[in-house]
Amino acid sequence: MVQLLSVDGDFSVPKEHAVYGELIRDLREADFLKFYRDMARIRRFDHEATALQRQGQMGLWVPAIGQEGAQIGSGYGVGPNDHIFPSYREHGVAITHGVDLMSIVKMYRGVNHGGWNPHETRFHLYAIVLGTQALHATGYAMGLNFEGRVGTGDPENDLAVITYFGDGATAEGDVSEALLFASINKTPQVFFCQNNQWAISSPVGTQTTVPIYRRGEGFGVPGIRVDGNDVLACYAVTKKHMDDARGGLGPTLIEALTYRIGAHTTSDDPSKYRDADEVAHWEARDPISRFEKFLRKQGIGQDFFDEVAHAGDVIAAEVREATFALTEPALENMFDHVYSEPHPLVEEQKAWLQKYESELGGHSSKPDDGVSYGGTR
Ligand SMILES: Cc1ncc(C[n+]2csc(CCOP(=O)(O)OP(=O)(O)O)c2C)c(N)n1
């Protein structure tokens, strides 16, 4: 397993992982501070979103607490033009590629169509159906091969694709099919599995009998395991294998060993199926406090941590205020983007609902959900 930061925040590079260590040596203090700021920001947002769901402001919230190291580290390891195919928990990765926090809130409130424009962000829409995004990513990566966007050495031209999924999703046929097609077609692609140990109430041992990073071997996709609570290792391993993929060396499966500290979603009570001792074990390996120890050892003072805590309070207040100000979207929105061309059945259903609503006295809506869908949808 690649680990560059000990639980006590000491940085060291084992000889066999020198290639990853070199990538960290290229980073500056500003990069380290950015990693910390973003991990803290997304955790503060996560707590606020959970509170908003409890107050009835969102239908559901999916917390990513404990997985910030895997998400922020890997997110920054992805190149600026690469494409990202996430599952529904990748809020940390989302902010490393410019997705606005309120877009995520709106999606879980159910007032927009998925949240953001993948054409602008290259961060594709959250996949709720487990494993489908692995196939979408492989298909996209096959297209990059087809268009000659791989291995030319031109940084403006070459691209790679990353897909995120959980340990439970590896038991879906879609992930196996995606690995096979990636291998056969030598796609420019990374499969990034966050093994957070649980698929709702099913422990990882019920999904696989071999370590997840080895699950690609039979398909011809090499794998590597990284400490998912070590933001630096996650950055370096992702960057290395995305760079290799862009350069034409084919796909890699990365397993980030981490832990879902919170509930699966706000509809779940994990105390029903797992021990408090297990949670405490992983809380002691928290990615944010580990990185804080590292930064303090680098001489970063209390002022910085105070500033980040204050920024978190400001963001939480802004998100809260913006959520309270949300209005219902226009009724037509749920019909308008189902097909790219008008469809008679959809038109009929829309007309029926409009008539029904008008009989009830009208639908109080705002004609814009705040998302620009661009020209590619
Ligand atoms: C095809 C499919 N089957 C079942 C579900 C219901 N479901 C939602 S999340 C989940 C567990 C997923 O666990 P994992 O892949 O480990 O990801 P995590 O939620 O832990 O991030 C299940 C079974 C689904 N969304 N899609």
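The model is predicted, and the chain in it has 14 helices and seven strands. Its radius of gyration is 21 Å, close to the 21 Å that the globule rule gives for 377 residues, so the chain is as compact as a globular protein of that length.

**Overall fold**

- Along its principal axes, the C-alpha trace of the chain spans about 70 × 50 × 40 Å.
- Of the 377 residues in the chain, 42% are buried.
- Among contacts in the chain with a separation of 6 or more, 78% are between residues 24 or more positions apart.

**The largest nonpolar core**

- This core has 77 residues, and the members that touch the most others are Met39, Ile162, Ala233 and Ile254.
- Helix α9, which covers residues 231-246, supplies the largest share of the core, with nine residues.
- Leaving aside residues up to four places away in sequence, Met39 touches Glu68, Gly69, Ile72, Val231, Pro287, Ile288 and Phe291.

**Helices α2 and α11**

- Helix α2 (residues 29-54) packs with helix α11 (residues 287-297) at an angle of about 150°, and their axes are 10 Å apart.
- Because angles over 145 degrees count as roughly antiparallel, α2 is roughly antiparallel to α11.
- The crossing in which α2 passes α11 is left-handed.
- On the α2 side the contact is made by Phe32, Phe35, Tyr36, Met39, Ala40 and Arg43, while α11 contributes Pro287, Ile288, Phe291, Glu292 and Leu295.
- As a general point, an α-helix has 3.6 residues a turn, so residues three or four places apart point the same way.

**Helix α5 and Lys106**

- Helix α5 covers residues 101-109 and includes Lys106.
- Although Lys106 and Trp116 are ten residues apart along the chain, their C-alpha atoms are separated by 9.7 Å.
- Helix α5 is mostly covered, with seven of its nine residues buried, namely Leu101, Ile104, Val105, Lys106, Met107, Tyr108 and Arg109.
- The elements that cover these buried residues of α5 include α2, α4 (91-96) and α12 (302-324).
- Just after α5 comes Gly110, which takes a positive phi of about 85°.

Conventions:
Residues are numbered from 1 along each chain as its sequence is written. This is a predicted model: local features need pLDDT of at least 70, side-chain atom pairs count only at pLDDT 80 or more; totals for chains, interfaces and linings use all residues. Helices (H or I, at least four residues) and strands (E, at least two) are DSSP runs, numbered from the N terminus. The radius of gyration is taken over C-alpha atoms; the globule rule is 2.2 Å times the number of residues to the power 0.38. A residue is buried if 20 or more other C-beta atoms lie within 10 Å of its own, exposed if 12 or fewer, and partly exposed in between; C-beta atoms are placed from the backbone. Two residues are in contact if their C-beta atoms, placed from the backbone, lie within 7 Å. A nonpolar core is a set of buried Ala, Val, Leu, Ile, Met, Phe, Trp, Tyr and Cys residues joined through C-beta atoms within 7 Å. Axes are lines fitted to C-alpha atoms, for helices over the stretch in contact, and angles run from 0 to 180 degrees between N-to-C directions. Angles under 35 degrees count as roughly parallel, over 145 as roughly antiparallel, 65 to 115 as roughly perpendicular and the rest as oblique. A crossing is left-handed if the near helix is turned anticlockwise from the far one by less than a right angle, and right-handed if clockwise.
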